[in-house]
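Please read the points below with the structure open beside you, and look up each place as it is named.

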Amino acid sequence: MQIPVVDYRAADAPQRFVESLRETGFGVLVNHPISKQLVQSIYDRWYDFFLSDAKFQYEFDPEKQDGYFSKVISETAKGARKKDLKEYYHVYPWGRIPVELSDEILSYYEQASELASELLNWVEDNSPVEVADKYLEPLADMIKDTPNTLLRVLHYPPLSGEEEPDAIRAAAHEDINLLTILPAANEPGLQVLTKENEWLDVPCEFGYLVINIGDMLQEASGGYFPSTTHRVVNPVGEAATQSRISLPLFLHPRAEVKLSERYTQASYLLERLRELGVKS
Ligand SMILES: O=C(O)CCC(=O)C(=O)O
Ligand SMILES: [Fe+2]
């Protein structure tokens with residue numbers, strides 16, 4: 001089994017893309033409107049930032065959740081025992097952003113959010129009627145003017161060989177949000193767990209855009225769209241000396257949006273952040 005790569009410009013792209021989301025929780029687009037040069041420049045410049053001491057001036061704010069999360073702080077996936085081998089920076093347009101990186105990353109944030117609205121319309125238009133009936137407002141409206149969509153710049157440092165035996169770059173987890181939009185990283189490693197319980201490499205050619213379902217869309221669709229488990233495995237050989245940079249945009253509805261009869265965005269998020277140990 002493989003995740004198909006869908007040509008964004010093809011006439012049947014919306015159907016093929018949504019079918020892939022339904023089957024695997026993941027969809028991969030090529031020929032999409034997000035500039036490769038922009039993504040490459042973000043990778044290069046944030047890599048330098050992570051290697052510098054400047055990052056320590058932006059230590060994350062536990063209330064607002066913006067800023068720099070060091071390796072020591074970084075998440076332990078739900079059910080995992082070891083911390084992930086990663087550090088990251090949370091970008092929100094209203095949050096702290098290093099000034100020299102700001103214009104570029106905000107331009108990406110805006111472009112990716114705009115594409116995300118279109119993809120949510122694809123999902124909505126290709127949901128069976130009984131599923132679409134469950135959406136308490138149009139999916140794209142859920143993220144309109146939201147302050148909650150989170151752009152995470154991730155740095156997985158080279159492996160030193162001193163890592164704890166079971167620790168991996170990102171332990172198996174599901175995303176909390178509606179949809180995640182992720183340009184292929186500069187190094188491989190992302191895998192998704194299939195229905196057959198096998199780990200499958202997500203296509204990762206530079207220039208691909210990877211989209212996956214998060215728990216909030218699973219909740220809003222009554223389970224029709226699966227929030228599938230994924231992870232980032234450790235590289236071996238020469239690749240272990242390389243950093244990996246990636247750039248997931250986690251689409252989050254406004255706080256008051258009702259995902260389902262049980263949850264709003266706010267109540268759902270709080271429950272999940274507590275499980276991750278990043279909020280008390
Ligand atoms: O780095 C990646 O490729 C994926 C990261 C991820 O799954 C996450 O941060 O939720
Ligand atoms: Fe994830």
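1. Strand S2, which covers residues 26-30, has 4 of its 5 residues buried, so this strand is largely enclosed by the rest of the structure. Please keep in mind while reading that the model is predicted.

2. Strand S1 (residues 5-7) runs parallel to S2, and the two are joined by 3 bridges; within this pairing, Asp7 has Val30 of S2 as its bridge partner.

3. Turning to the ligand, the residues around ligand 1 include Arg152, Leu154, Asp175, His230, Val232 and Ser246. Strand S5 (150-156) and strand S11 (230-232) each supply at least two residues of this shell, which by class has 7 nonpolar, 2 polar and 2 charged residues.

4. Which loop holds Arg169? Arg169 lies in the loop between S5 and strand S6 (170-173), and this residue counts as buried because 22 other C-beta atoms lie within 10 Å, where the cut-off for buried is 20 or more.

5. Leaving aside neighbours within four places in sequence, Arg169 is in contact with several residues, among them Asp84, Tyr156, Gly189, Val232 and Arg244. Arg169 and Leu159, which are 10 residues apart in sequence, are 9.4 Å apart in space, taken from C-alpha to C-alpha.

Conventions: Residues are numbered from 1 along each chain as its sequence is written. Chains are lettered from A and ligands numbered from 1 in the order in which they are written. This is a predicted model: local features need pLDDT of at least 70, side-chain atom pairs count only at pLDDT 80 or more; totals for chains, interfaces and linings use all residues. A residue is buried if 20 or more other C-beta atoms lie within 10 Å of its own, exposed if 12 or fewer, and partly exposed in between; C-beta atoms are placed from the backbone. Two strands pair if DSSP finds at least two bridges between them. A residue is near a molecule or strand if its C-beta atom, placed from the backbone, lies within 6 Å of it. Ala, Val, Leu, Ile, Met, Phe, Trp, Tyr, Cys and Pro count as nonpolar, Asp, Glu, Lys and Arg as charged, and the others, Gly among them, as polar. Two residues are in contact if their C-beta atoms, placed from the backbone, lie within 7 Å.
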